[in-house]
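Me: I'm new to this one. Could you walk me through how to read it?

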Amino acid sequence: MLNGYSFNDDTQRKKKFNMISLVLFAIFIVMFTLMVTGFSYWGLGKIAFVLMLVFPLSGGLIAFKGTGFLKWLLILLNFFAFLLMVYILLAAIGIGGM
């Protein structure tokens with residue numbers, strides 16, 4: 001009986017990693033939407049942009065500890081969000097594509 005409880009507790013803990021990753025992705029989506037609409041971030045634009053790089057990166061790393069199909073979906077979503085922000089950064093600096 002103790003083994004079954006321990007397994008269930010471990011599964012619940014791994015599901016919490018999925019939820020944390022999902023929350024970080026949702027924060028990124030909100031910040032990205034505000035950026036696209038022209039929100040000023042009250043002079044903290046560079047910090048907000050760095051946070052938009054950190055949130056998907058940390059969400060992807062936390063998702064590796066998760067479980068199930070949602071784990072891989074969150075890894076892919078956070079990875080593509082991170083690549084999107086890196087591309088925008090490179091394009092803003094002038095190194096990006098044509």
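Me: In what order do the elements of the protein chain run from the N terminus on?

Reply: Keep in mind that this is a predicted model. To read the layout, follow the chain from its start and note each element in turn. Here the order is α-α-α, with three helices and zero strands in the chain.

Me: What share of the contacts with a separation of 6 or more is between residues 24 or more positions apart?

Reply: The idea is to look at how far apart in the sequence two touching residues sit. In this chain, 70% of those contacts join residues 24 or more positions apart.

Me: And how many of the 98 residues count as buried, as a percentage?

Reply: That comes to 24%.

Me: Which helix gives the most to the patch?

Reply: That's α3, with four residues. Both α1 (2–37) and α3 (68–93) supply at least two residues each.

Me: Take Leu 73, then. Why does it count as partly exposed?

Reply: Partly exposed is the range between buried, under 20% relative accessible area, and exposed, over 50%. Leu 73, which lies in helix α3, counts as partly exposed because its relative accessibility is 35%.

Notes:
Residues are numbered from 1 along each chain as its sequence is written. This is a predicted model: local features need pLDDT of at least 70, side-chain atom pairs count only at pLDDT 80 or more; totals for chains, interfaces and linings use all residues. Side-chain values use heavy atoms; hydrogens and water are left out. Buried means under 20% relative accessible area, exposed over 50%, partly exposed in between (1.4 Å probe, protein chains only). Contact means heavy atoms within 4.5 Å.
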